[in-house]
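Hello,

Here is the structure I promised to hand over. Please open it beside this email.

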Amino acid sequence: MLDAMASSNPAAPRPCDLLVHGAAELATPLGCTPLGGAAMGRIRVVPDGAVAVVDGCIVEVGAAGELEARWAPAKRLDARGGLLVPGFVDAHSHPVFAGTREEEFELRTLGATYVEIARSGGGILSSVRGVREAGEEQLLQLLLARAERFLDHGTTTLEAKSGYGLTLVDELKSLRAIAAANRLQALELVPTFLGAHDYPLEHRDHKARYVDLLVEEMLPAVAASGLAQGADVFVEAHVYDVAAARRILLKAKELGLVRRLHADQLSLSGGALLAAEVGAASADHLEHVDDAGAEALLAAGVVPVLAPLVPLYLRQEREAPGRRLVDRGLPVAVSTDFNPGSCYCLNMQEALAFAALRYRFTAAECLVAATLNPACALGLGATHGTLEPGKQADLLVLDMPNHRRLAYELGRNAARAVVKRGIVVRERPGPTL
Ligand code: NIG
Ligand code: FE
């Protein structure tokens with residue numbers, strides 16, 4: 001009788017697993033598809049916004065007063081005057097490595113260039129030595145520690161490339177470390193095979209043979225292993241030219257792997273045009289992309305994934321034309337490109353501040369570039385990247401009172417609480433500053 005009364009009363013609060021409340025503001029993009037052009041500046045802002053979660057998914061988003069009346073939460077997370085946004089999605093990183101490269105950073109301080117260091121056997125190849133010497137367990141432990149730091153800074157989903165092994169054995173070892181890390185902790189990793197990151201030393205004098213190996217043996221084995229969602233190629237004069245990259249990417253396509261490219265990073269190398277041609281999910285970096293390349297990306301529905309910290313880190317003047325890409329209608333994503341060579345920073349907040357400073361992205365554009373657009377670049381637009389009913393409950397509370405602070409603040413980790421799949425994985429005390 002009591003049960004019947006309760007269920008016939010529409011105002012009776014329903015049980016939910018988690019209610020996030022107490023936010024000064026909730027800010028989120030909307031939808032499941034990438035937002036470009038003017039749409040990239042349109043977000044939903046709810047003062048005193050709250051989110052209710054059931055079974056790891058968002059069931060309602062709205063004003064806290066209304067949600068408080070409708071839901072009886074098993075657990076509450078008080079945002080304490082902070083900003084509630086979707087967890088950051090970082091769509092480009094190289095987190096599987098052993099050993100850092102601060103001596104190269106200093107060589108660049110003293111005037112050497114990235115390509116000079118690479119040509120003299122350093123750069124990517126120095127990290128290849130580290131990965132080949134490391135055991136799988138050591139790589140896993142290093143990756144687990146890095147995953148914790150990504151979560152500390154509010155990233156809840158991360159694209160993770162192999163690419164410092166450059167033999168089938170060492171690439172699979174890296175990809176298995178990513179798979180194991182995915183099982184062991186909360187940061188969601190989306191694995192990419194980057195066997196075409198550089199030519200390994202043993203193939204430097206017969207590069208075509210390594211491309212044959214990639215196409216005939218490595219890609220099929222990686223695809224069969226199920227350890228990678230996609231494949232990436234570093235398309236650049238000193239590494240893979242367009243012809244080699246095309247062969248590799250078309251093979252990846254044939255095998256059902258998503259295509260990604262390091263495109264037009266150090267020169268106008270034809271990477272953007274090739275990304276469009278092979279139906280890539282993303283074209284990354286793009287410091288040197290021209291109008292024809294941008295137009296091709298737009299027409300082919302390729303998401304540009306920019307890395308604003310990299311030219312700064314490499315001391316290169318040339319930056320991606322972020323503003324121009326958005327104004328053309330492209331749905332841009334911003335990433336850290338965390339790696340030991342060209343960006344030893346895994347903090348998306350820092351990448352966003354530089355997107356605002358260097359590309360002139362507004363705060364709303366920064367938010368879209370760090371959530372929905374990268375989620376779409378990873379094929380996760382239907383489930384990730386926004387705060388809407390039906391999406392996975394990946395949430396971030398930032399220690400700031402409104403979304404404009406996101407692009408305004410430099411040098412502080414403002415992540416206060418992080419929720420992954422409905423579970424509170426970080427909660428830090430302290431006032432809203
Ligand atoms: O995204 N461009 C190629 N790959 C990395 C650099 C990797 C490295 O130097 O170890 C990048 O910048
Ligand atoms: Fe990269």
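Below are notes on a sheet and a metal site.

This is a predicted model, where local features need pLDDT of at least 70, side-chain atom pairs count only at pLDDT 80 or more, and totals for chains, interfaces and linings use all residues. Residues are numbered from 1 along each chain as written, chains are lettered from A and ligands numbered from 1 in written order, and side-chain values use heavy atoms, without hydrogens or water.

The sheet comes first. It is open, with six strands in the order E3-E2-E7-E16-E17-E18 and mixed pairing. Strands (E, at least two residues) and helices (H or I, at least four) are DSSP runs, numbered from the N terminus. Two strands pair if DSSP finds at least two bridges between them. E3 (44-47) and E18 (423-427) are the edges, each pairing on one side only. Neighbouring strands are turned by 15 degrees on average, direction ignored. E7 (83-86) and E16 (395-398) run antiparallel over four bridges. Within that pair, Leu84 is bridged to Val397 of E16.

Now the metal. The iron ion (ligand 2) is coordinated by His92 (NE2), His94 (NE2), His262 (NE2) and Asp337 (OD), at 2.0 to 2.6 Å. Donors are N, O and S atoms within 2.8 Å of the metal (3.2 Å for Na, K and Ca); water is not among the atoms, so sites may look incomplete. Along the chain, the spacing is H-x1-H-x167-H-x74-D. His92 lies in the loop between strand E8 (88-90) and helix H3 (102-109), while His262 is in strand E12 (258-263), 170 residues apart. Both His92 and His262 are buried (under 20% relative accessible area, with exposed over 50% and partly exposed in between; 1.4 Å probe, protein chains only).

Best wishes

Note on methods: Axes are lines fitted to C-alpha atoms, for helices over the stretch in contact, and angles run from 0 to 180 degrees between N-to-C directions.
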